[in-house]
Amino acid sequence: MTTETEGEIELEYELDDKPPWVKSLLLGVQHVAVMIVPATAVAYIVAGAVGLSAADTAYIVQMVLLFSGLATVVQAYTVGPVGARLPIVMGTSFTFVGAATTIGANAGLAAVFGAILVSGFVVEGLIGWQFERIRPFFPPLVTGLVVVIIGLYLIPVAIDYSAGGVGASDYGATHNVGLAALVLFVSVALNLFTSGVTRLLSTLVGITVGYGAAVAAGLVNFAPVADAAWVAVPRPGAFGVAFEPVPIVTFAFLFLVSAMETVGDMSSVTAAEGRTPTDEEFRGGLFTDGLLSSLGAAFGAFPVTSFSQNAGIVNFTGVMSRHVVGVAGVLLAILGFSPKVGAAVATIPSAVFGGAVLLMAGMVAASGTRLISLHTHLNRRNMVIVGVSLGLGLGVATRPEALQGLPSAAETFFGEPVIMTALSALVLNTLTPGEQSPLFDAAPDETRAESRNLAASGED
């Protein structure tokens, strides 16, 4: 069903619409194709840093896919109070790479998984449980800025993928940049200049064309597919579980970042309908983040959280159906039980995904901008909040070494772009009088000025 009203984008399928099965399957594959490399990259990076064998690395990748799929299905359909009933695709975030690598190398993976098990349940469970009380502190100005910074700081990651991947011997090579440009061109051209199925599947078609070009150029290695097993069963406590204070505190901070990202991504998705999520949606989404991350840690999976590039797909394609995302979750879970299928997907070169992720990152930032503009009058107060918050967030994203003089824990905490942007926006919006502050009403002069502006623009 296609809709377009003020504050919404054109939706081909609304939240509860069920596209035909073939179309749903292809749209679900598109979601999986966009997120599978960044979701599994965390496992590869951490496994390499702590010196795991190829078999153990493959097992962690398998668990990441399995629990990403389970969490995605829960988000789409809910289990009791857990789940948002929104099209939220879940996966492992780069937010956790640094801490997992450092703690894993120094204290072992048992300490990593023990910290995730405790902090995921406690931190995000508590935030979700009390979100109705703290929601006034997260108006569209704050959540919109979180969405914007998520999109902006994903762009360097997308560029790295487009160049071939950080550390690749052919980083920046012409063939890598060419593949990324091909995917970007095909995706954008089909989305802007075609209609129907080709527009809805524009990103998937772009990735497919790029992959075909990579195979033709001899850039794809199929050897890992032959070596992978067909089926592998999850093993509880595969790497052990240890509870140590410093790792638990560190991951507690990072789960706060994860909660901020999830709030931003959920706001980005519902912005397609011209609204912000309800308290129930926020609560269910945060519960899923925390509880599924804790459950996954018991089997050797890294934390799962909402994936911003998939929120970008919703806005890019106009397909908001949670049933499509449910299909994507089932596909991810199947991949999690079959290392061979996962290995086949992993043969797609990073540069191919780079073109798609670059597009999605830009769409996420654009949806955050729309969320702010729809619900926030950009007067002097709010412009200052936007400027300071984005300045600090982008500052630590582009120059993280500026914080190297801080204690290690503070450097980790304040070095996260989402934390810097969210905390800056949260504090400034709370303490500065204005219509979106939870502590103050709008100042009389500000209210009169906004009324005049709205009247002049013809709005009610």
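Q: In which loop is T78 found?
A: This is a predicted model, in which local features need pLDDT of at least 70, side-chain atom pairs count only at pLDDT 80 or more, and totals for chains, interfaces and linings use all residues. Residues are numbered from 1 along each chain as its sequence is written, and side-chain values use heavy atoms, with hydrogens and water left out. Helices (H or I, at least four residues) and strands (E, at least two) are DSSP runs numbered from the N terminus. T78 sits in the loop between α2 and β1 (90-92).

Q: Is D289 buried or exposed?
A: Buried means under 20% relative accessible area, exposed over 50%, and partly exposed in between (1.4 Å probe, protein chains only). D289, in helix α12 (residues 279-297), has a relative accessible area of 0% and is therefore buried.

Q: How are the directions of α2 and α12 related, roughly parallel or roughly antiparallel?
A: Axes are lines fitted to C-alpha atoms, for helices over the stretch in contact (heavy atoms within 4.5 Å), and angles run from 0 to 180 degrees between N-to-C directions. The axes of α2 (residues 54-77) and α12 come within 10 Å and cross at roughly 155 degrees. Angles under 35 degrees count as roughly parallel, over 145 as roughly antiparallel, 65 to 115 as roughly perpendicular and the rest as oblique. The crossing therefore makes α2 and α12 roughly antiparallel.

Q: What is the phi of R85?
A: R85 lies in the loop between α2 and β1 and is partly exposed, with a relative accessible area of 39%. R85 is a residue other than glycine, yet its phi is positive, near 55 degrees.
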